[in-house]
Amino acid sequence: MGIVAISGQAASGKTTVARELANRLNYRFVSAGELFRKIAIQRGISLLELHRIAETDFSIDKAVDEETIKEARKGNVVIEGHLAAWILRDVADVRIYLKADIKARSQRLSTRDGKSIEDALREIKAREESNRRRYLAIYGVDISDISFFDLVIDTTYIDAKKVVDIIYEYVYNVLRNKGRF
């Protein structure tokens, strides 16, 4: 009944890495970010607009976080999201943080979403500032404190497959030693 939480910076590779890790482990994959995006789509607004609304309407984050906890309790899951590891701090077997240089992240977001690098950079900065303010206000969580993570990886110069290889090796050993694999 392993639980792996992957958090990190916007466009650091969280979703790509978490999805592939879940496949390798034969675990379910849950994306808190996708849950958040679904709310934006349901409301017919942009992701950035939902971030702005969520700064005063804490029910949005709380709904996503409650769903994240519910999915974690089912076990055998890799859950990714900006706040996933903080929310699952006491239940996750492994907590992983991904980070990357802002230029690399802007390029990734630009390529993924078909927008200019400048627009991608502005979006990343706006999302991260919104996340920082919300998580501090809602939970008292300082997302710059990554001291409790089990594994921190800078993905700037490592492709997703190699990042998954590193994480898989680590997670496999942790879960095996905990008797969960």
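Modeller: A residue counts as buried when its relative accessible area is under 20%, and as exposed when that area is over 50%. The structure discussed here is a predicted model.

Biologist: Why is Phe-149 said to count as buried?

Modeller: The relative accessibility of Phe-149 is 8%. The cut-off is under 20%, so Phe-149 counts as buried. Tyr-97 is judged by this rule too: its relative accessibility is 9%, and therefore Tyr-97 counts as buried.

Biologist: How many aromatic pairs does a search of the whole structure find?

Modeller: The search finds 6 aromatic pairs. One of them joins Tyr-97 and Phe-149, with 5.1 Å from centre to centre and 65 degrees between the planes.

Biologist: How do you know that the length of helix H4 (residues 59-73) is close to what is expected?

Modeller: The expected span is 1.5 Å times one less than the number of residues. For the 15 residues of H4 the expectation is 21 Å, and the helix reaches 21 Å from its first C-alpha to its last. Helix H6 (residues 102-113) passes the check as well: its 12 residues should span 16 Å, and the end C-alpha atoms are 16 Å apart, so the values agree.

Biologist: Which residues of H4 are buried, and why are they said to line one face of the helix?

Modeller: The buried residues of H4 are Ile-60, Asp-61, Val-64, Asp-65, Thr-68, Glu-71 and Ala-72. Seen down the axis of H4, these residues fall within an arc of 120 degrees, and therefore they line one face. An α-helix has 3.6 residues a turn, so residues three or four places apart point the same way. On the other side of H4, Glu-66 and Arg-73 are exposed.

Biologist: Why is Glu-71 called buried, and what does Glu-71 touch?

Modeller: Glu-71 has a relative accessible area of 12%, which is under 20%, so Glu-71 is buried. Leaving out residues up to four places away in sequence, Glu-71 touches Arg-28, Val-30, Val-77 and Ile-79.

Biologist: Which residues are buried in H6, and what covers them?

Modeller: Ala-104, Arg-105, Ser-106, Leu-109 and Ser-110 are buried in H6. Their cover includes H7.

Biologist: What is noted about the phi of Ala-11 and of Asn-26?

Modeller: Most residues other than glycine have a negative phi. Ala-11 has a positive phi of about 65 degrees, and Asn-26 has a positive phi of about 60 degrees. Ala-11 lies in the loop between strand S1 (3-8) and helix H1 (14-25), and Asn-26 in the loop between H1 and strand S2 (28-31).

Biologist: Is Asn-26 buried or exposed, and is Ala-11 buried or exposed?

Modeller: The relative accessible area of Asn-26 is 71%, which is over 50%, so Asn-26 is exposed. Ala-11 has 14% relative accessibility and therefore counts as buried.

Biologist: How do you know that the radius of gyration agrees with that of a compact globule?

Modeller: With 181 residues, a compact globule would have a radius of gyration near 16 Å; the protein chain has 16 Å, so the two agree. Of these 181 residues, 46% count as buried. The protein chain has 8 helices and 5 strands.

Key. Residues numbered from 1 in each chain as written. Predicted model: local features only at pLDDT ≥ 70, side-chain atom pairs only at ≥ 80, totals over all residues. Heavy atoms only, no water. Phe/Tyr/Trp six-rings, centres within 6.5 Å; stacked < 30°, edge-to-face > 60°. Buried < 20%, exposed > 50% of the residue type's maximum accessible area, 1.4 Å probe, protein only. Helix = DSSP H or I, 4+ residues; strand = E, 2+ residues; numbered from the N terminus. Arc of directions from axis to C-beta. Rg over C-alpha atoms; globule rule 2.2 N^0.38 Å. Contact = heavy atoms within 4.5 Å.
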